[in-house]
Amino acid sequence: MIKIKHCNKSFHTKKSQHEAKYHALKNINLEIKRGEFVILLGSSGCGKTTLLNIIGGFEGFDSGEISIDSEVFHKQTNPKDCIKIFQDFALLPWRNALDNIAFGLQSKGFSLKESRGKAREYLKLVHLESLSHSFPINLSGGQKQRIALARGLCVKPKILLLDEPFSALDNFTRISLQNELLRISKELKTTMIFVTHDIEEAIFLGDRVIIMKPNPGQIVADIEIKIDKSDRNSLEFLGLKRKIAQYLEDYRFDLEYVI
Ligand SMILES: Nc1ncnc2c1ncn2[C@@H]1O[C@H](COP(=O)(O)OP(=O)(O)O)[C@@H](O)[C@H]1O
Ligand SMILES: [Mg+2]
């Protein structure tokens, strides 16, 4: 369970010779249950990455309190078993697919043999058994992201943070990875915090969609997604898409994401 209470974060920026302060996150309050799939949705610059980094302990915060599994943190978290997946895959070019996954385990202290054994299981989980000896340069974007996902998951994190992991992929690959991720999250029951600016992706993946606005970064809505997701063109799905788009419009988001 993650509990964020009255969390604030400012960045110091230099405008000409004067120090300026930018309020990136203002009074963030959010509770995430174990195993929940939570989406942070909002336009560019509303603080999604900053919030994700604060939860993962990659970035400090100025005030407020964050507790993760009843451990309380001020200024900076240090969660155990928390992994972040990046948009640009961050694979090691000199390691093949299997050894890229094994890398995650080796860095946790497993031997190469043990790591490869477990890595094979996760290669299977993302349906890439046949490409175990391929190097990143010979893999497509979707395949690379599957490897990155497997590498993150193989250490069995309690919390997986995903920062727009599919946004560099074409639409077909993206939909197939969304399906995979949903299946995997149900199978492994990992807590997922997923950043996106895509409304359809948010509804399809999330148990909950947290809508944020910029200047300063704030949460403006917290929507539980209870609809049947099997048909992205169902009236329910499209209705929810419209409702969320309306929120974004109300808070004057960049309109490029609005249907
Ligand atoms: N290291 C930093 N230094 C100064 N400003 C930053 C830094 N990181 C983020 N910001 C600012 O904070 C705001 C939120 O950024 P970010 O969390 O990256 O937003 P998002 O992920 O929603 O696009 C933006 O206005 C951004 O310019
Ligand atoms: Mg971002």
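Predicted model: local features only at pLDDT ≥ 70, side-chain atom pairs only at ≥ 80, totals over all residues.
1. Residues are numbered from 1 along each chain as its sequence is written, chains are lettered from A and ligands numbered from 1 in the order in which they are written, and side-chain values use heavy atoms, with hydrogens and water left out.

2. The residues around ligand 1 (those with a heavy atom within 4 Å of it) include Phe-11, Tyr-22, Gly-45, Cys-46 and Lys-48. The largest share of this shell, three residues, comes from helix H1, which spans 48-56; helices (H or I, at least four residues) and strands (E, at least two) are DSSP runs, numbered from the N terminus.

3. Turning to polar contacts (pairs of N or O atoms within 3.5 Å), an oxygen atom of ligand 1 lies 2.9 Å from an N or O atom in the side chain of Lys-48, while a backbone N or O atom of Gly-45 is 2.7 Å from an oxygen atom of the ligand.

4. An open sheet of six strands runs in the order E6-E7-E8-E3-E9-E10, with mixed pairing, where two strands pair if DSSP finds at least two bridges between them. Strand E6 (82-85) and strand E10 (218-224) stand at the edges with a single partner strand each, so one side of each is left without a neighbour in the sheet.

5. Within this sheet, strand E3 (residues 37-41) pairs with strand E9 (residues 208-213) in the parallel sense over four bridges, and Leu-40 stands opposite Ile-210 in E9.

Terms used
Polar contact = N/O pair within 3.5 Å; in protein donor to acceptor, adjacent residues only side chain to side chain.
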